Amino acid sequence: AEASFLTTVMVDGVIYDISNFKHPGGSVIRFLSQKNVKKGVSKEAELGHIDASEAFREFHQRDMEKVTRYLKSLPVVSTKGKDRNESKYKELSKDFLQFRETLVKEGYFNPSLFHVVYRIVEILAMFVFSFWLLASVAATGNLLHPYVAIACVINGIAQGRCGWLMHEGGHLSLTGNRSVDIRLQEIIYGVGCGMSGGWWRSQHNKHHATPQKLKHDVDLDTLPLVAFNSRIREHVKANSLQGKMLSIQSYIFAPVSCFLVGLLWTLYLHPRHMIVRTKNAVEIISTGFRYLFWFSFLTSAGYSLRSTFLLYCICFGLGCNYIFTNFAVSHTHLDVTEADEYIHWVEYAGHHTTNVSIDSSFVTWWMSYLNYQIEHHLFPTMPQFNHPKISPKVRALFQKHGIKYDHRGYIQAMRDTFNNLYEVGNTVPSKLKQ
């Protein structure tokens, strides 16, 4: 039965057959495609296809000419494709495309070498200072020395900021050169966090394609450690061990759950991806260097192997909590979209992301411009330091089309995030109260 169907994707009104197409970016393409009768696209499909135009442009900004040539080499099924909600989204699509073209012409997608160097030097300085502090008191053997505490905090923040920076590299918005950005991402993530940039890219693009959409967004697939939405929570029985853990998730999310997620990533998911699945030498060497440096430097400075391991776990745990809690404030407390529901690219950014304290220079630094989450989801390949500059323009676009521009203070966003964790963890559908 499966052979009688073909899989299609629609870009700018043209429906392409991708049944035999192996997408270089992975399975994310299936979130923006649909199946039609093989004998020919039905009128229903021509008049009601999922429109992947915005996603196609935003994901492929850095390789548009090459990717467009590849797209046009695919079999064309119809040139009469229309958005399934064209009457609703026609003006929004038109305005968003014009807005995007204006931003490109005005240079907002142009990278800054100075900014890249600044971000890397900042992280290096934090690491150097933290290791210097640790080495300076190693001879005392006192892990409770104030310098140790200060060093661990700075080191944890530096690791978290490696996560922020590799995130931008993974979106190809650092240098604008795909090869360079990917290599920078893999090295920064491997050395700074002990993780795989390749694994991150394969998962994170699915999140960007359909944020907060059930059975699509991998950031909703967080069990067994945490559940951010009642639709995820409803699969767990209240009296089970997992159910009891979820009932206290708002109390243990930071520091316990974030640390456990980090361990799961670094000890299993990421090594499996870089060593077994992709055999990525850059990632393997970068991650290996991280562990070699950590343990050789601190043991040679005078720390025992046991103390070195403890310091590593503390710094790593602080880094995990820093970045995971700050990522959580942008989406997790918001509503979800049904698995079979279709909304516009701009609506995904408006309905399912939150901007946080965009009037605060400190929060902008603290979250590495990702407090402008709406702008980031609209234009994921745009260098993130430009998000504050386009924010008023985005707000005007949203106002014209009746879309809420969700902006909350940092404390309020944190409160909403942890209140949501509590409510989800302690609200169980009656059918599972057994």
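Where is the place of Pro 224? Select Pro 224: its place is in the loop between H8 and helix H9 (230-233). The model is a predicted one.

**Stop 1: two cis peptide bonds**

A cis peptide bond joins Leu 223 and Pro 224, and omega is about 10°. Now go to Pro 255, which is found in helix H11 (residues 249-277). Show Ala 254 with Pro 255: a cis peptide bond joins these two residues, with omega of about 15°. For background, most peptide bonds are trans, and most residues other than glycine have a negative phi.

**Stop 2**

Gln 212 is not a glycine, yet has a positive phi of about 65°. Is Gln 212 buried or exposed? With a relative accessibility of 3%, Gln 212 counts as buried, the cut-off for buried being under 20%.

Next select Leu 172, in the loop between H6 and helix H7 (178-193). Leu 172 is not a glycine either, and its phi is positive, about 60°. Its relative accessible area is 6%, so Leu 172 is buried.

**Stop 2: helix H6 against helix H8**

Select helix H6 (residues 146-170) and helix H8 (residues 197-209). They pack at an angle of about 70°, with their axes 10 Å apart. H6 and H8 are therefore roughly perpendicular to each other, since angles from 65 to 115 degrees are counted that way. To see the contact, show Met 166, His 167 and Gly 170 of H6, together with Trp 200, Arg 201 and His 204 of H8. The residues of this contact of H6 with H8 divide into 2 nonpolar, 3 polar and 1 charged.

**Stop 3: helix H4**

Move to helix H4, residues 86-105.

Now colour the buried residues of H4: Tyr 89, Leu 92, Ser 93, Asp 95, Phe 96, Phe 99, Arg 100 and Leu 103. When reading that pattern, recall that an α-helix has 3.6 residues a turn, so residues three or four places apart point the same way. What covers the buried residues of H4? The cover includes helix H2 (53-59), helix H14 (345-351), helix H16 (373-378) and helix H17 (387-400). Just after H4, select Gly 107, which takes a positive phi of about 90°.

**Stop 4: helix H5 against helix H12**

Select helix H5 (residues 113-136) and helix H12 (residues 281-301). Their axes are 9 Å apart, and the helices pack at an angle of about 30°. The crossing of H5 and H12 is right-handed. On the H5 side the contact is made by Phe 131, Leu 134 and Ala 135; on the H12 side, by Phe 293, Trp 294, Phe 297, Leu 298 and Ala 301. Sorted by type, the residues of the contact of H5 with H12 are 8 nonpolar, no polar and no charged.

Stay with Phe 293, which has its place in helix H12. Phe 293 counts as partly exposed, at 32% relative accessibility. Leaving aside residues up to four places away in sequence, Phe 293 touches Phe 131 and Leu 298. For a distance across the model, pick Phe 293 and Gly 176: they are 117 residues apart in sequence, and 30 Å apart in space from C-alpha to C-alpha.

From here, go to Thr 140, in the loop between H5 and H6. Thr 140 is partly exposed, with a relative accessible area of 49%.

**Stop 5: helix H12 against helix H13**

H12 passes H13 in a right-handed crossing. In H12, show Arg 290, Tyr 291, Trp 294, Phe 295, Leu 298 and Thr 299; these meet Leu 305, Thr 308, Phe 309, Leu 311, Tyr 312, Cys 315 and Phe 316 in H13. The residues of the contact of H12 with H13 divide into 10 nonpolar, 2 polar and 1 charged.

Definitions and conventions
Residues are numbered from 1 along each chain as its sequence is written. This is a predicted model: local features need pLDDT of at least 70, side-chain atom pairs count only at pLDDT 80 or more; totals for chains, interfaces and linings use all residues. Side-chain values use heavy atoms; hydrogens and water are left out. Buried means under 20% relative accessible area, exposed over 50%, partly exposed in between (1.4 Å probe, protein chains only). Helices (H or I, at least four residues) and strands (E, at least two) are DSSP runs, numbered from the N terminus. Contact means heavy atoms within 4.5 Å. Axes are lines fitted to C-alpha atoms, for helices over the stretch in contact, and angles run from 0 to 180 degrees between N-to-C directions. A crossing is left-handed if the near helix is turned anticlockwise from the far one by less than a right angle, and right-handed if clockwise. Ala, Val, Leu, Ile, Met, Phe, Trp, Tyr, Cys and Pro count as nonpolar, Asp, Glu, Lys and Arg as charged, and the others, Gly among them, as polar. Angles under 35 degrees count as roughly parallel, over 145 as roughly antiparallel, 65 to 115 as roughly perpendicular and the rest as oblique.
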